[in-house]
Amino acid sequence: MQTTATERRDDFGELRNYTDSKFQDRVERTYREMHTNQTLDFVTSNKQKYAALAHGTMDTYQVFKLLEEVHDESDPDNDLPQIVHAYQSAESICEFAMSGETELRADLDIKVLFKPSVWEALPQKWRDLYEQHTLKTLYSHITDWSWFPLLGFIHDLGKVMLLPKFGSLEQWAVVGDTYPVAAPFAASNVFYANSYYTDCADYSNYNIQTSSNFGKYPRNCGFDNVDMSWGHDEYVYEVMQQGSQICPEGLYLLRYHSFYPWHSPQNGVMAYTELASDFDWLMLPLLKAFQKADLYSKTPDLPPQDVLEAKYRKLLDRFIPQKQINW
Ligand SMILES: [Fe+2]
Ligand SMILES: [Fe+2]
């Protein structure tokens, strides 16, 4: 498979260019509409609608093929079809994180996943814990990691919500970074300076912080108790939670991989720590490792299409043994 030209890199350089990308207009429009239209009502009604998985019973590989028609208008760095991105992300995980088919590499230090300034600003308790571990020892209860590359392959399947069969949602309701709605809007969100969020109908109702609350939520309630802006993360999480045998850690990665203001903030300041639980802090290094593969710092030379297809079909068969699942 041809793997030409992608500019997309990880978050250690000038990457995720939101200031003068060649796709600036469509990227900015997507975020303007997102920050204006993602209300609590919008999120809860879509959550309910899509959790019913009433869009048909399909083989995941069939759904994957539909990505051929999907483009992500929030992506400032490339315009590749999503199908290429799926293979690249999956193969990046193999290259970056795996040693063989089931083992995680033993030498992945957690500290290197963070920008130095972000690392220094971490709460002492968590920095101390991360420092004592490699990725492998922090999650030593996971002994079989074969699902990890598969996640790279499926993580963006929720973008099919752009297609007629899956509801024809607008770009701003499917792609881009996610953030908690019904809560103060953090400066770590992209396009914060443009203040689009102040035009959201919810803005004045939930722009509150007290000793016990952050917006609508109790402090440190955990992201699983927060309503995130509606997008492709939550949909694929819901499908796989109901239809696959992927472990809870894997499902977590699907659900929060676009939560950039938390895991990889543009301005270097981790946001929404007010809502994070101990579990979210524990999952952060894994989310960072996944994010590095999603934004692959270099494009791996991909094996031929038929080899890739056989490899990921095999993983799908293992983790989705019933094959046909509800979407
Ligand atoms: Fe994504
Ligand atoms: Fe992605």
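**Exercise 1. Determine which residues coordinate the iron ion (ligand 1), and where the two histidines among them lie.**

Solution. In this predicted model, the iron ion (ligand 1) is coordinated by Asp156 through OD and by His232 and His257 through NE2, at 2.0 to 2.2 Å. Written as a sequence pattern, the donor residues of this ion are spaced D-x75-H-x24-H. The next step is to follow Asp156, which bridges the iron ion (ligand 1) and the iron ion (ligand 2), two ions that lie 3.5 Å apart. Turning to the histidines, His232 lies in helix α10 (residues 232-243), while His257 lies in the loop between α11 and α12 (260-263), so the pair ties together parts that are 25 residues apart in sequence. Finally, His232 and His257 are both buried.

**Exercise 2. Work out how helix α11 is oriented against helix α13, and which residues make the contact.**

Solution. Begin with the axes: those of α11 (residues 248-256) and α13 (residues 278-294) come within 10 Å and cross at roughly 75°. Because angles of 65 to 115 degrees count as roughly perpendicular, α11 is roughly perpendicular to α13. The contact is then assigned to Glu249, Tyr252, Leu253 and Tyr256 on the α11 side, and to Phe279, Asp280, Met283, Leu286, Leu287 and Phe290 on the α13 side.

**Exercise 3. Locate Leu53 and Ser168, and decide whether each is buried or partly exposed.**

Solution. As background, most residues other than glycine have a negative phi. Leu53 has a positive phi, near 50°, and is placed in the loop between α2 (40-51) and β1 (57-59). Its relative accessible area is 6%, so Leu53 counts as buried. Ser168 also has a positive phi near 50°, and is found in the loop between α8 (147-154) and α9 (203-206). At 42% relative accessibility, however, Ser168 is classed as partly exposed.

Terms used:
Residues numbered from 1 in each chain as written. Chains lettered and ligands numbered in written order. Predicted model: local features only at pLDDT ≥ 70, side-chain atom pairs only at ≥ 80, totals over all residues. Heavy atoms only, no water. Axes fitted to C-alpha atoms, helices over the stretch in contact; angles between N-to-C directions. Helix = DSSP H or I, 4+ residues; strand = E, 2+ residues; numbered from the N terminus. Parallel < 35°, antiparallel > 145°, perpendicular 65-115°, else oblique. Contact = heavy atoms within 4.5 Å. Donors = N, O, S within 2.8 Å, 3.2 Å for Na, K, Ca; no water. Buried < 20%, exposed > 50% of the residue type's maximum accessible area, 1.4 Å probe, protein only.
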